[in-house]
Amino acid sequence: MLFVHSSRLSAGLLAAMLASSLWSTAVHAADTTPAAQLQHWSAQAGTPGDAAKGQTFFNAKHGAEWSCASCHNTPPTTQGKHANTGKLIAPLAPAFNPKAFTDTAKVDKWFKRNCNDVLSRECSAGEKADVLAYLNSLK
Ligand code: HEC
C-alpha cells in the first residue's frame, strides 16, 4: 500500500519535473532573434545601429585591459576563449552560431556583465544597436 502510494507519488513528481523543464526550455529559448534585437536597441536609441561604429566599439579597449574581441575574437565569427578562464565561447556573430541572440534573458545578462567588464559601466542602447548591426553584417 505504502509502496504503491510512493511510486505513484514519484511518477507524479517526475511528470511535474519533466513538464517544468519543457516549459522552461520553451520560455527561455528562441524568444528573440538577432534582427529583433537590432530593431529593439535601435528603437530604444532612436537611431539605427551603425555596423562601422559597432566594429570600432567592439575592437576598442576603452581605457582598460579588455576589448569585446579579447574574449570573442576579431572578427567574432569563430569560437572565442575567455581571456581569464580559458573557457571556450561559441561564436558571437549569428551567422556562425544559430543560438546567438535568441534568448532575451541571456543577451541581457551578458551585455550587462561584459560591458561592465570592458567599460566599467553598462553599454548604452546606441552602443548595443551598433554592435548588433556589426555582428549581423558578418557573413
Ligand atoms: C572576459 C571575457 C569577455 C569579454 C571581454 C566580453 N565577453 Fe561577451 N561573453 C563572454 C562569455 C563567457 C559569454 C557567454 C557565452 C556562452 O555561454 O554562450 C559571452 C556572451 C556574450 C553575449 C550573449 C550572446 C548570446 O546571445 O549568446 C553578448 C551579447 C556579449 N557577450 C557581448 C559582449 C560585448 C558587447 C563585449 C564588449 C563590450 C563583450 N561581450 C566582451 C565573455 C566575454
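Between which two helices does the loop that holds His-62 lie? I began my notes with this question. I found His-62 in the loop between helix 3 (51-59) and helix 4. I then looked up the backbone of His-62 and noted a phi near 55°, a positive value in a residue other than glycine. I recall that most residues other than glycine have a negative phi, and that most peptide bonds are trans.

Entry on confidence. I record that the model is predicted. I noted an average pLDDT of 87 for the chain, with 79% of the residues scoring at least 70. I also looked up residues 17-26, where the pLDDT is below 50. In the model, I found zero contacts for this stretch beyond near neighbours in sequence.

Entry on a cis bond. I checked the peptide bond from Thr-74 to Pro-75 and found it cis, with omega near -5°. I placed Pro-75 in the loop between helix 4 and strand 1 (80-81).

Entry on helix 2 and helix 6. I recall that two packed helices are described by the angle between their axes and the distance between the axes. For helix 2 (residues 34-45) and helix 6 (residues 125-137), I noted an angle of about 150° and axes 8 Å apart. I therefore describe helix 2 and helix 6 as roughly antiparallel to each other. I recorded their crossing as left-handed. On the helix 2 side I listed Pro-34, Ala-35, Gln-37, Leu-38, Trp-41, Ser-42, Gln-44 and Ala-45. These meet Ala-125, Gly-126, Lys-128, Ala-129, Leu-132, Ala-133 and Asn-136 in helix 6. I counted the residues of this contact by class as nine nonpolar, five polar and one charged.

Entry on helix 3 and helix 6. I looked up this pair next and found an angle of about 100°, with the axes 7 Å apart. That makes helix 3 roughly perpendicular to helix 6. From helix 3, I listed Ala-51, Lys-53, Gly-54, Gln-55, Phe-57 and Phe-58 in the contact. From helix 6, I listed Glu-127, Asp-130, Val-131, Ala-133, Tyr-134 and Ser-137. By class, I recorded six nonpolar, three polar and three charged residues in the contact of helix 3 with helix 6.

Terms used
Residues numbered from 1 in each chain as written. Predicted model: local features only at pLDDT ≥ 70, side-chain atom pairs only at ≥ 80, totals over all residues. Axes fitted to C-alpha atoms, helices over the stretch in contact; angles between N-to-C directions. Helix = DSSP H or I, 4+ residues; strand = E, 2+ residues; numbered from the N terminus. Parallel < 35°, antiparallel > 145°, perpendicular 65-115°, else oblique. Left-handed = near helix turned anticlockwise from the far one by under 90°. Contact = placed C-beta atoms within 7 Å. Nonpolar A, V, L, I, M, F, W, Y, C, P; charged D, E, K, R; others polar. pLDDT = per-residue confidence, 0-100.
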